[in-house]
Amino acid sequence: MSIRVDVVVVGLGPGGEYAAGALADAGLDVIGIEAELVGGECPYWGCVPSKMMIRAGNVLAEAGRVPSLAGEAKVAADWDRVAERVRSEATGGWNDEAAADRLTAKGVRLFRERGRLAGPRRVVAGDHTIEAARGVVLATGSRPRIPPIPGLEGTPYWTNRDAIAAGEAPASLLVLGGGAIGVELAQVFARFGTAVTVLEGRDRLIAQEEPESGDLAAKALRADGVTVRTGARAVDIEYDGETFEALLEGGLEPLRAERVLVATGRATDLASLAVDTAGLDPAAPALRTDGQMRAGDGLWAVGDITGHGAFTHVSLYQARIAVRDILGEPGPDADYRALPRVTFTDPEIGAVGMTEQQARDQGIRVRTSVVPIPESTRGRIHGPGNEGFVKLVEDADRGVLVGATSAGPAGGEVLYGLNIAVHTETPTGRLKHMIYTYPTFHRAVETALQALH
Ligand SMILES: Cc1cc2nc3c(=O)[nH]c(=O)nc-3n(C[C@H](O)[C@H](O)[C@H](O)COP(=O)(O)OP(=O)(O)OC[C@H]3O[C@@H](n4cnc5c(N)ncnc54)[C@H](O)[C@@H]3O)c2cc1C
Ligand SMILES: NC(=O)c1ccc[n+]([C@@H]2O[C@H](COP(=O)([O-])OP(=O)(O)OC[C@H]3O[C@@H](n4cnc5c(N)ncnc54)[C@H](O)[C@@H]3O)[C@@H](O)[C@H]2O)c1
């Protein structure tokens, strides 16, 4: 059956859901195509449930700090409460009815199918061929990248989805990959009694961030009893029906665990979207777009599929730009200079813009400073759990911050001011003469500005 509409949105994760709704709100005739759940990875298997799990783990850790600050606290960790909250409050039992209703109430026609391109401005979904007069938005996200480790395929390894839906905390867990997913979930399960080992191939955790961040994450995880193995890779995995055994590079002692969580990055799948029918490379790792999120004539792409950072806020930011462009409204190009991200470990590790190394690699004459939170007034007041630091990366010639990290209690919130500074390129000379509230964690930013060298 052939249908004509204004816009087709393929994939209704955060970016696609926003774009479809906003375009329908603007009066366009929109079809949204979703193969699984309206809302995508973030609300059902990503950001929201993982942060609920982290919140639970953090409460336990705070209780552990009571003896040194306030007396006695006896707590008994119970994963049932976590699983129940994830099921009922985060995911509604992995039911997207409310999200689907919100979208259809805006006038979006929802097709529960797997869509693919069939040429410019044309999408095939099930028995339907849809001609989109204005064009197509691709927002199909990413899925776990499974490394080709011999023996892994065919075993009941976990991805983020199994970890989020876990009915119980396993006795032991081997986490492959020390990126954001690996470190966040490793800490949570460790706090609920699981014996966790993180195996990271590179020489530090959260390796795309500052080295100080990786060191801090390793220290925090170790303090929770996690075994952190960096520069280590599994070369073979066996499963005997009960236990996984991972053989390591270099003949190191094998690791055994009840569960294996694969958290080794995400991949897009452009081939299954038949992007070649629109003249694009199906083997590319991501769909390249211009600053208005155009991937071709009558084709826009937003979210993980664009390769600009797998974050919900990136997907929503790009979706707003694509919507504006589709509606013919002028606006600035996407700008990733001040891309913020937070790894929600305890302590939180927030970062924006470039790391020191990235800035140096760009030939920027760099000045930096690192100020430890425990040495700040608020850090001393806070006491146990005060680990963290503020690191600034300044372009010394222009006198502006091009990157910053704020790690510590509420590190993700402290990041906001640094995000503004990098985005607006406020001169560090002006930032130094601002009034910073006493005694806050973010006063470490003022100290770090004075210490730039
Ligand atoms: C454990 C975990 C924790 C995370 N925590 C955070 C966090 O704290 N903060 C943050 O910013 N980000 C976080 N992320 C990342 C965030 O979830 C993603 O960046 C975000 O969901 C990407 O949005 P998206 O719009 O690209 O689409 P996605 O959420 O990836 O959704 C894409 C949708 O498209 C559908 N689809 C795919 N192919 C087709 C097709 N051919 N036809 C129809 N439908 C299709 C899929 O079923 C899916 O519903 C986390 C991710 C994980 C896994
Ligand atoms: N707080 C957040 O915003 C948040 C939380 C979770 C996920 N995310 C998003 O989801 C994305 C995916 O997360 P992720 O943690 O899977 O990916 P990642 O790319 O952040 O980290 C994957 C890690 O796995 C390592 N690795 C790859 N292959 C390996 C192997 N065979 N053995 C050992 N280590 C190996 C890599 O060196 C890398 O450090 C993140 O990049 C992030 O954008 C964001």
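A residue is described here as buried if 20 or more other C-beta atoms lie within 10 Å of its own, as exposed if 12 or fewer do, and as partly exposed in between, with C-beta atoms placed from the backbone. The structure is a predicted model, in which local features need pLDDT of at least 70 and side-chain atom pairs count only at pLDDT 80 or more, whereas totals for chains, interfaces and linings use all residues. Residues are numbered from 1 along each chain as its sequence is written, and chains are lettered from A and ligands numbered from 1 in the order in which they are written.

The protein is divided into domain 1 (2-39 + 96-142 + 268-326), domain 2 (160-264) and domain 3 (340-450), the bounds coming from an automatic or database domain assignment. Taken over C-alpha atoms, the centres of domain 1 and domain 3 are separated by 36 Å. The UniProt annotation "domain: FAD/NAD(P)-binding", from an unreviewed entry, covers residues 6-318; UniProt positions are given in the numbering used here, feature names are shortened, and annotations may be inferred rather than shown by experiment. Over residues 6-318 the chain is 31% helix and 23% strand, with the end C-alpha atoms 20 Å apart. Helices (H or I, at least four residues) and strands (E, at least two) are DSSP runs, numbered from the N terminus.

An open sheet is formed by 4 strands in the order 10-9-8-14, with parallel pairing, two strands being taken to pair if DSSP finds at least two bridges between them. Strand 10 (227-230) and strand 14 (259-262) stand at the edges with a single partner strand each, so one side of each is left without a neighbour in the sheet. The twist from one strand to the next averages 15 degrees; axes are lines fitted to C-alpha atoms, for helices over the stretch in contact, and angles run from 0 to 180 degrees between N-to-C directions. Strand 9 (residues 195-200) is joined to strand 10 by 4 bridges, the two running parallel, and Glu200 has Thr230 in strand 10 as its bridge partner. Helix 8 (residues 180-191) packs on the sheet, where it touches strand 8 (172-176), strand 9 and strand 14, and its direction makes about 165 degrees with that of strand 9.

The largest nonpolar core has 129 residues, and those with the most contacts inside it are Val9, Ala19, Leu138 and Val175; such a core is a set of buried Ala, Val, Leu, Ile, Met, Phe, Trp, Tyr and Cys residues joined through C-beta atoms within 7 Å. Helix 8 provides the largest share of this core, 8 residues. Beyond its neighbours within four places in sequence, Val175 is in contact with residues including Leu185, Ala186, Val198 and Leu261, where contact requires C-beta atoms, placed from the backbone, to lie within 7 Å.

The UniProt feature "binding site", again from an unreviewed entry, is placed at Lys51, Gly115, Thr140, Gly141, Ser142 and Asp304. These positions span 254 residues in sequence and the farthest two C-alpha atoms are 30.5 Å apart, so they do not all gather at one spot. Thr140 is found in the loop between strand 6 (128-138) and strand 7 (143-144), and is buried, with 30 other C-beta atoms within 10 Å. Gly141 is in the loop between strand 6 and strand 7 and is also buried, with 25 other C-beta atoms within 10 Å. Not counting residues up to four places away in sequence, Thr140 touches Val10, Gly11, Leu273 and Ile305, while the contacts of Gly141 include Gly11, Asp304 and Ile305.

Strand 21 (residues 389-395) has 6 of its 7 residues buried, so it is largely enclosed by the rest of the structure. This strand pairs in the antiparallel sense over 7 bridges with strand 20 (residues 366-372), and, likewise antiparallel over 7 bridges, with strand 22 (residues 400-408). Pro372 stands opposite Phe389 in strand 21, and Glu394 opposite Leu401 in strand 22. The hairpin of strand 21 and strand 22 has 4 residues between the strands, and in it Gly399 takes a positive phi near 65 degrees.

Positive phi values are also found in residues other than glycine, including Arg121, near 55 degrees, and Ile206, near 30 degrees. Arg121 lies in the loop between strand 4 (115-117) and strand 5 (122-125) and counts as buried, with 20 C-beta neighbours inside 10 Å.

Notes: Contact = placed C-beta atoms within 7 Å.
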